Structure formats: structure tokens, C-alpha cells
Amino acid sequence: MEMPAPDHRIISRRRQIARSLRRLVRGEAVIDRAAELSAYESDGLTAYRQMPLITVLPADRDEVAAILRYCAHEGIKIVPRGAGTSLSGGALPLADGITLGLARLNRITDIDIANRTVTCGSGVTNLAISTAVGGRGYYYAPDPSSQVACTIGGNVAENAGGVHCLKYGLTTNNLLALELVLMGGEVVRLGGKQFDAAGLDLLGAMTGSEGLLAIVTEVTVRILKTPARAVAFLAGFDSLENAARCVSEVIAAGIIPAAMEMMDGPAIRAAEAYIGAGYPTEAEALLIIEADGPQAEVAAASARIEAIARRAGATTFRVSGSEAERLAFWAGRKAAFPAVGRLAPDYYCMDGTIPRASLPLVLGRISEMSRRYGLAVANVFHAGDGNLHPLILYDANKDGELRQAEEFGTEILRLCVEVGGVLTGEHGVGVEKRHLMAEVFTEDDLKHQQRLKCAFDPDGLLNPGKVFPTLHRCAELGRLHVHGGQLPHPELERF
Amino acid sequence: MDRLIEPLDEDGLRAAIAEAAADRRTLAVSGHGTKAGLGRPVEAQAHLSVARLSGINHYAPGELVMEAGAATPMAEIETALAEAGQQLAFEPPDLGPLYGQPIGGGTIGGVIACNLSGPRRPFAGAARDHVLGIRAVSGRGEVFASGGRVVKNVTGYDMSKLLTGSYGTLAVLSLVTFKVLPRAAATRTVLLFGETPADAAATMEGAVDGPWDISAAAYLPQLAGARSGVDDVAQAGGPVTALRLEGSRQGVRERTVALRAALARSGETGELHATRSRALWAEVGAGVLLPKAGAGGDMLWRLSLPPAQGIAGGGRIQQALGGEVAFDWAGGLVWCAPAPAETPEAIDAGAAMLRRITNEHGGHATLMRAPEAVRARVPVFQPEEGALAALTRRVKENFDPRGVLNPGRMFEGL
């Protein structure tokens, strides 16, 4: 993976930089020995690896600010990292950059039940928030499948979703406030415990910004009361088309279920073999639909969902009879990635979003590509909101297979864009998809995005090489081309 | 401001802004101009109207998405949605009457540029939560797009949110894409009569947490309720706590019975069905239950507070400044019309007091309506300081380096 050319003056000062950092942070928080640094050489996208210059693990906001102030002064790049579960290489290190690990900011500082908020350090895991308030009947809605490990700060960086965002939204819809440290070390607070934040929606702009704008040190999220009742349905179909029709008809009937997930035949069988969730292994498509809310509404929705599923040709239909069974239905879906992972030495997870109506077309084309590339694929799909996760199976030890898998993936994403969708629903652009940004955006679209970055990080020291296919300098972006002519900039780095 | 520029299409909009930027000529931007009274007064050399950029160009009910020109009338959008049994879940309020305009005006671009949400906001999200994509022309005179027609999307920065609620100060919207949702089959509102503010706070908190899945909660003191066109509220003879239920016909019927039973020990209850329920929440969202301009309500504030702080914060402000208050968003939104002040000094001191109390309760205040001279002097939006103010300024400078678009509409000198 091509990254910005490393600055050898920085690399040659490595020891001195480590010494300076040790003066800024307490304890054994500066990691510069190769054996320990190797733990940070990749994130969840393990195909790409790079040893960081140094890793620092600050303990609090003030240490983060001190590190950033020092790095801004010295012109040292920063790569923020939560738990390192990114699937797009968002935390891929730089040879001349400091990996700033935020996992030690792991304290929940305020639980405010009356206002239904939790405030915590950005290194607290997603699941820990729900666990902290679960005993009192509350939970935090976004539930990415990595929720045991991924941090809330990382969720903010990627605008993480999960299986329940059809009804409850993504991170951005459940976030109330952030404490940020800008690259110069200034601390900024956005939002509060009230519903609407004041001023420009910088909270919205920060969410999904992939660590390129500022370092998040504290997060306030909205928690919800656990619904009075939740029921899950498993509907098996003998074709993806029928399952897709069922999804469309549920929505057309005016029902917004809490979740509506689809798995294809290979994914169903892999999950069943792995965890024994009771899935119908002869089915070619499985829908997991959840209805939640007041007892009366769940009962009404359940009857209608079953009728729609049967009309759409469901060959099997089961209703969870208990909370244990509901969780069992979900266990197979939540374990789908590791389950598919057992089918081949490696898998590559894609994340396009498409209009729901184009699902049969897109899945048909993916299976045609699968034959052409000679690589098997299993599909799991957030069907309710059109977010597709094809898992391409390959063996990195076989000559050329990684490249084949990447090309296959690129072709899938191009197809998503072609049918009116986008490159990534919840995993981020990172390094993985930046070469495709020009398929979605014009030069002016991308320049305006980079101008937002210039407002936050004018020297481009935060996570450079991610998201954007070309590194523009802020001075050049700031120039007003009164007559609209685009000046060529051959000196700019392009990936 | 004598010159009116009214581009026919997005390219015309781009050319108009590019020309203004080249000539360093400032522009006051509007759609139908129904919310010209919201924000600081704009002094500009020309008026840029996007009124021609109108029309729904894509509506796919099955995909829950609509795309429309920025100046598409809200009435047109709401009609199209209603025909398909859908709605804008954030329940945009019709603020026309607040500014002396007829009801039913306004454009979708105006709603989004001002991030206006109604009573369902705590339960369904704000306007900003429903915007999926935008096309716009920045103050640089360049067209840019962001987002798309799908709900789940992290492809690039969320510029749609940045522009939502930016009052046309960074870029002018030409096209907006937004999420639409099914409209509930049934709606009812349960009324609880005669509660004290403290009891209402507890009732609303309990209702939000309870098993009834309410979709709005308001507390209307007697004077506010008396202005309602819904007789059960207007003739209550005391304060009214209102809780809304939406869903299936059968479900709403059952939940209404259960909620009334749960509230019975707190006082006398009543209920409003479809039409009257809708009428009440339209009034609550539009702020028309507070005094009209000239009738003691020259200044009208909208406070966003942590919901558990709303009743207490609003009460303190009323004690300090007199006048009236009303509460929506389960306490998270306070409408506040202080008693009229006689002198500019008294107005400024009152505004400062209101902001101080709001800050102490962890919220922020927007001056929704005031005479132009007051809006020029008293900050309309929550003032910013230090690193945040500097960041806001840098964002403005990056999108509108020559300060062409709506100068000063949000913050003085910006």
C-alpha cells in the first residue's frame, strides 16, 4: 500500500523523539522497541502492514494535548488508533508517524439516567457502555459486530453502525457531545447533554472523519431504554430474489423493524456449522428480522411480517419464543465473519451500500464475478438499509490471490456506485478505498472535503494518506480560482 | 440591497456566486424568504434567491428516500409524502406565523439550512439526522456534492451535516436528498390536567422511560394552553401535560388505555384523537402558543437544554425575567417569551441573564424572534469562544474566503 513518502529526517530522530515523548507522558507509555511495536503494525485489515515510528499510549486528555502540541511543533505525523479493529486500514501506521493509541482513555466518567446519557473516555469499548447501564434497563443502540473490542472513539471516527441502525441510527444519530484535541493541542468541546448542539454541526462533521480532523478524547452518547419487548424472526427462502422481495414489502407496508439482516447460502451454512444457531441450511437466503417496542405494537408487526414473508415465498419461518432463542438467532449472524473465516485461510470484507431494490441484480453480478475470479464469496447484508458485506475468500499464500481478491472487491464497489450506491456504509474509506473516491466524487467535491480538513488540521499532520486519493496542500486549496481554471499540480502526491 | 439575482439552475447559481466572490460583493441568500426574521440581520449588496431551484426530482417510497431542489415548497413535499403514506419523521415546524407569514410556506432547503425539527425530535432525530446528501455551491463559486441516496454512508466527510443548520453561511444548497419514513396509521395524545411544573417533569421523564413508546411530550402552562385551537387544551383552566402515541390502530388504542391508567393517580386525564392530536403538535412545534409579537412577545427564545434540566431552567428564567414559558421535547426544549423590557439596556441585561441561566443548566439559547435592531445587537445564536470560535472562523474562511454568503447571519463579523 502506497503511503505518503516518509520523511527521513523524522525517522533519523526516532530515539530523540521517543525521549521527548517520555517527558510528556507518565509511566511506560512510549513504545519504541520493535518486538512491542509489531503489535501495532496493522489493524483489522491485516493485508497491509507497516511498523510505526513510535507508539504512544497517553492516559488522559492533557497527555494527548501535550503530545499533539509537541508533534505539531516538530512536524511529526500522528495516526490515531482505538482498538485497531478498522476494516479499511484507518489505523495503518506510517514509518515516520507516531501511532497514538487511545485505549487507555477507558473510564466511564458520568452516567446520567435522568438525561439518558453516558460520558466516557474515547477508549471505552462500545459494549462497555451498554454493560454499564444494562442493569438499570438501558443500552447504547449502535452495535457493530466488533462491539466487544472496538472503542467508542473508533466508532465516532468511522460512524459505526451495526444491525440495529435501520431503526435506531448510526453513531452520528446517537452522539451528543465530543471533547476534541486539535493538532495544535487546543481542546474543543462540541455539543452537550441537550438534543441539539449549538453552532455549526461540527459534531456531525467529526463523525466518520476517520481520524483526520482531530483526536477525540471524550464522548457523550445517548442511551435508550431497553424495549419492553423484542422478538426475532428467521425466514428462510430458496432464492435471494424472494428474500429481497420480502424486505421491500416489509418496508412498503410501513414497518420499520429494529433490524432486518440477510445472509446468503454460503454464509448461512458457515454460520450454522460454526455456532449451531438453528439456521435452515438448505435455504439460499435467510432473513433475520427483529420487531421491538410496546407489546401491542410488536404483536401487530409480528403478524404482518409473517404474512409478508409467507407471501414472498418463505420456505421456513420461525419466531423466537424466548429471549434466549432471540439471542441464539442473532448469534449466528454476529459470528458470520469468523464463521466464514474458517472456510479459507483469508477473507476480504467489502462494505458497499446500494439502494435495496438493486439487491438481486448486485448479488447476481457478484456471483458471476466470483466464477470469473475463481474466488468463493459469502454475503451478509444489512438488508434494511442496503449495506452489503460480501466476504471474498482467498489464500494470501497463493501467488497473486490477494491481488485477485482486491480486484474482485474493487469491481464490487464500482458496481455499488453504478447502481446508485456508495463505497462504504460503515467501515470507512481508510487506505483501502481511497483509490475509488474519484469514482464517487468530482475534484471539487474532494477539494471541499479537504478544505474542511484544512480548517481543523492545516498542516495535514493527522492521519495523512487515508481517505483522499491526492494530498493537496491547504495553501493551494485556499487559493480562489476566480476564473474557474484548475491549475495542474504535478508536484502533489497522488496514490 | 436593491439587486435581486434569481438563477434558473445550479449552474446559474454557481456563476452568480463566483461572480460575487470575484467582485467581493456580499449576498443575502433566501428560498421563499419565510425565515428572514430568524438569525442576525444580514447586510448584503445583493439578494440571491434560489426560488427557481424547485421540484421533486426523485422519490422512491420503497427506498425511503426523496430528492428535491432546495426551494421545493414544503407543502409540495408533504403532499407527495402523504400520498405514499410517508412523512418527514423530524416533523419540521411551520414557523411562518412566528414571522408574520401565512401557514404552509417555506422550502425544504430552508428547513435544512436552519436544521428545524419539531416535537418528534427527541424520539426520531433532528432534520440533520435525516439529510442523506446535498449539492451546493460554496462561497468560492464551486459546486460540490456530498452523501448520496442511501442511509448508511461513510464515503468521505459528512458535509451534508456541516451544511445543515449553517444558515447559508458556508454554501448555498441547490439539491437535498433526505430520508423519509412511514407515517403511523394512528395517533393519539393523552392529556394530563393540572400538574405543577415539578410533577410534569417527573411525568415526562417517566413517560419517556415507560413501556408506551411515546413520540412527543410537552408541558403547557395555562396561558400557553389557552392559546391553543384545540378546545380540550384551551379550556383546561390550568396547565396541561401532553403525551403522544403513534403506531398501529390497535396498538395505539391499547397503549392509550394503559398510559391513562398509569397517569390516573396524578390527576384527571383526557385524550385527543387524529385531527386534534395533529393540530396540537403543529402548534407546539411552531411556537405559536407563546405570545405574538406586539402582544408582549417581541422577543421569543428557544432553549435547548438537557431534558431533565428544562423545567427547572425555564422556571428560573421566568422567575428572573417574567413573561411566559412552554416546554416541549420532554423538557429538552423551552420556549421563552420574557416580559417586555423598556430600554435597550434592560433588553441586553435580560438576554445576558437568560444566557447565563441557560449555560448553568448545560444548554444553549437561540433568539428566534426579536426586532431587527435587537437581533443586530444581542447574539442570536450561542456565542462561541476561544478555540471553538477560531475553528468556526476557519471553517467559514475555507468555504467562503471572501465572506460573500449571508455575512453575519450566525455570528457577528463572520
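**Figure 1. Strand β2 of chain B is covered on both faces.** In this predicted model, B:L27 and B:V29 on one side of β2(B) and B:A28 and B:S30 on the other are all buried. A residue is called buried if 20 or more other C-beta atoms lie within 10 Å of its own, exposed if 12 or fewer, and partly exposed in between, with C-beta atoms placed from the backbone. Strands (E, at least two residues) and helices (H or I, at least four) are DSSP runs numbered from the N terminus. β2(B) pairs with strand β3 (residues 46–49) of chain B in the parallel sense, over four bridges; two strands pair if DSSP finds at least two bridges between them. The bridge partner of B:S30 in β3(B) is B:S49. In a regular strand the side chains alternate between the two faces of the sheet.

Numbering and confidence are as follows. Residues are numbered from 1 along each chain as its sequence is written, and chains are lettered from A and ligands numbered from 1 in the order in which they are written. Because the model is predicted, local features need pLDDT of at least 70 and side-chain atom pairs count only at pLDDT 80 or more, while totals for chains, interfaces and linings use all residues.

**Figure 2. Two residues of chain B other than glycine have positive phi.** B:R24 has a phi near 55° and sits in the loop between α1 (10–23) and β2 (27–30) of chain B. B:R24 counts as exposed because it has 10 C-beta neighbours inside 10 Å. B:E91 has a phi of about 55° and lies in the loop between β6 (86–87) and α3 (108–113) of chain B. B:E91 counts as buried because it has 22 C-beta neighbours inside 10 Å.

**Figure 3. Strand β11 of chain B pairs with β13 and β14 of chain B.** Six of the eight residues of β11 (residues 186–193) are buried, so this strand is largely enclosed by the rest of the structure. Eight bridges join β11(B) to β13 (residues 240–247), and the two run antiparallel. B:R188 has B:L245 as its bridge partner in β13(B). With β14 (residues 269–272) of chain B, β11(B) pairs over four bridges, again in the antiparallel sense.

**Figure 4. Four strands of chain A form an open, mixed sheet.** The strand order is β1-β2-β4-β3. β1 (30–31) and β3 (77–81) are the edge strands, each pairing on one side only. β3(A) runs parallel to β4 (residues 97–101) of chain A and is joined to it by five bridges. A:I78 stands opposite A:I98 in β4(A).

**Figure 5. Domain 2 of chain B touches domain 3 of chain B.** The domain assignment, from an automatic or database source, gives domain 1 (1–183 + 383–414), domain 2 (186–286) and domain 3 (300–377). The C-alpha centres of domains 2 and 3 of chain B lie 24 Å apart. Their contact takes 15 residues from domain 2 and ten residues from domain 3, where two residues are in contact if their C-beta atoms, placed from the backbone, lie within 7 Å. On the domain 2 side, α7 (197–209), β12 (214–220) and α8 (222–226) each supply at least two residues. α7(B) gives the most to this side, with seven residues. By class, the domain 2 side has 14 nonpolar, no polar and one charged residues. Ala, Val, Leu, Ile, Met, Phe, Trp, Tyr, Cys and Pro count as nonpolar, Asp, Glu, Lys and Arg as charged, and the others, Gly among them, as polar.

**Figure 6. Chain B touches chain A.** The contact takes 72 residues from chain B and 74 residues from chain A. Helix α15 (residues 386–399) of chain B gives the most to the chain B side, with eight residues. That side has 31 nonpolar, 24 polar and 17 charged residues.

**Figure 7. The largest nonpolar core has 289 residues.** Such a core is a set of buried Ala, Val, Leu, Ile, Met, Phe, Trp, Tyr and Cys residues joined through C-beta atoms within 7 Å. Those with the most contacts inside it include A:L180, A:L287, B:V172 and B:V176. Leaving aside residues up to four places away in sequence, A:L287 touches A:A235, A:A243, A:C246, A:V247, A:M260, A:E261, A:M262 and A:A383.
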